[in-house]
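This report describes selected features of one protein structure. Please keep the sequence and the three-dimensional view at hand while reading.

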Amino acid sequence: MPGRRVVVEADGGARGNPGPAGYGAVVRDAGTGEVLAERSESIGVATNNVAEYRGLIAGLEAAREAGATGVEVRMDSKLVVEQMAGRWQIKNAGLRPLAAQAAGLVRRFDAVSYTWIPRERNRHADALANAAMDLAAGKVPGIDRDTAAAGQAAEPGAAEAPADPTGRARSHEVAAQGSTAKSSWEPRPSDTATRLLLLRHGETEYTQRGRYSGRGDVPLSDRGLAQAGAAARRVAGLVSSVAAVVSSPLSRCTSMAGIIAGGLGGVPLVVEPDLIECDFGEWEGRTFAEVRERWPAELDAWLASPAVAPPNGESFVEVTTRVNRATAKLLASYPGETVVVVSHVSPVKIALRDALAATDAFLHRLYLDPAGLSIMDIWPDGGMAVRTVNDTAHLAGI
């Protein structure tokens, strides 16, 4: 039986070069043209080419989530098309990590081709990208800030529009012309969703001392073990059945996962390498103050962009690829079931950021406590609902 073929239309840009930047991507069924997915995000200050590559990466990730085996990429960026097709060299060192990430995604499909198209044929992705750029520039897409500042009154009887602080709803509205994507506020049956109970591991010595803790295998402290026991009791009281407890390979997670699995009557414990923490490279074991003193420019760059990695470390863009891959495995292995996931700050934050369609600023604004619990549902069509974020009620008194 032939696999599903899709078309990915992607675009990105910046208001200035570099400047406030964003991308847009659309996934269509190759046969019918039906829109299967849309992606749009502001990415802070970046160049046009960086934004274009980010749009390509988002489109490929969405195509994979849609179950595609073959992809035709259509972009109005001649540079990205020619570089990804292998006909042009990538001379800009800043683009090479993004091209490598895109190439890694390409290898997961049976076939990927690249087609340059004029901008007028890329209007849907272009509109998403422009709305994201507006948001990056501090402008709510589609709203004239000068008119708003003048306090112009609404028409009598007009209902006030609901707040859209991220601008994502408006970016989709801008691109809606010609879109056939289905959306609905109708409640979904929870029994058809895969429910993920996301737990950060308990406290370690590094947690207590505020040190970056990535790939180093730091064990749970006595307090962390107590937190793991409390989390196990909380999970056992929340759900009637769990298909598996899936853990990062590091001992601070596997120890906690084993305690939880035992509390659930010995459900399977599965180690998933893609759930490991971000590699903080030369910052491992250091405090924020130490990093700020020794690597001030590198720290600023890392805080400003998820595409930047710590020295000899891993970027959040790279972690996102792993998290998406792990999530896809969970959905394929446990459809419609409940799974406990024991991981780290970065993977859990990235999963929640994407489920909430938040911007990358979310990664530095959300605090996750040791052994904090978050819960999300994912439906077969890609729909998501976040039910709980960083619940710590079970940790009272520890």
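## Tyrosine 212

Tyrosine 212 is buried, with a relative accessible area of 13%; buried means under 20% relative accessible area, exposed means over 50%, and partly exposed lies in between (1.4 Å probe, protein chains only). The residue is located in the loop between α7 and α8 (222–238). Helices (H or I, at least four residues) and strands (E, at least two) are DSSP runs, numbered from the N terminus. The C-alpha atom of tyrosine 212 is separated by 7.6 Å from that of phenylalanine 288, although the two residues are 76 residues apart along the chain.

This is a predicted model, in which local features need pLDDT of at least 70 and side-chain atom pairs count only at pLDDT 80 or more, while totals for chains, interfaces and linings use all residues. Residues are numbered from 1 along each chain as its sequence is written, and side-chain values use heavy atoms, with hydrogens and water left out.

## The second largest pocket

Rolling a probe the size of a water molecule over the atoms shows where empty space is left. On a 1 Å grid over the protein atoms alone, a pocket is an open set of points with protein on both sides within 12 Å along at least five of seven lines, whereas a cavity is a set of points where a 1.4 Å probe fits but cannot get out; lining residues have an atom within 4 Å of a point. Grid points are joined across faces, edges and corners, and a volume is the space filled by probe spheres set on the points.

The second largest pocket holds about 680 Å³ of space. Its lining consists of 25 residues, and those closest to its centre are Arg200, Arg211, Tyr212, Val345 and Lys349. At least two lining residues come from each of α7 (205–209), α11 (296–304), α13 (345–355) and α14 (362–365). The largest share, three residues, is supplied by α13. By class, the lining has twelve nonpolar, eight polar and five charged residues; here Ala, Val, Leu, Ile, Met, Phe, Trp, Tyr, Cys and Pro count as nonpolar, Asp, Glu, Lys and Arg as charged, and the others, Gly among them, as polar.

How many of the six residues of strand β9 (residues 338–343) are buried? Six of the six are, and the strand is thus described as mostly covered. Thr338, Val340 and Val342 point one way from β9, while Val339, Val341 and Ser343 point the other way.

Two strands pair if DSSP finds at least two bridges between them. Strand β6 (residues 194–200) runs parallel to β9 and is joined to it by six bridges; leucine 197 has valine 340 of β9 as its bridge partner. Strand β7 (residues 244–247) also pairs with β9 in the parallel sense, over four bridges, and serine 247 stands opposite valine 342.

## The largest nonpolar core

In soluble globular proteins, nonpolar side chains tend to be buried together. A nonpolar core is a set of buried Ala, Val, Leu, Ile, Met, Phe, Trp, Tyr and Cys residues joined through side-chain atoms within 4.5 Å. The largest one has 35 residues, of which Tyr53, Leu56, Leu60, Ala63, Val71 and Met84 touch the most other members. Elements giving two or more residues to this core include β1 (4–14), β2 (19–29), α1 (48–65) and β4 (68–75). The most, nine residues, come from α1.

Strand β1 is mostly covered, with nine of its eleven residues buried. It pairs with β4 in the parallel sense over seven bridges, and arginine 5 stands opposite glycine 70 in β4. Nine bridges join β1 to β2, and these two strands run antiparallel.

## Backbone details

Most residues other than glycine have a negative phi, and most peptide bonds are trans. The peptide bond from asparagine 17 to proline 18 is cis, with omega near 10°; proline 18 is in the loop between β1 and β2.

Alanine 371 has a positive phi, near 70°. This alanine 371 belongs to the loop between α14 and β10 (373–378) and is buried, with a relative accessible area of 0%. Asparagine 390, in strand β11 (residues 384–391), has a positive phi of about 55° and counts as buried at 15% relative accessibility.
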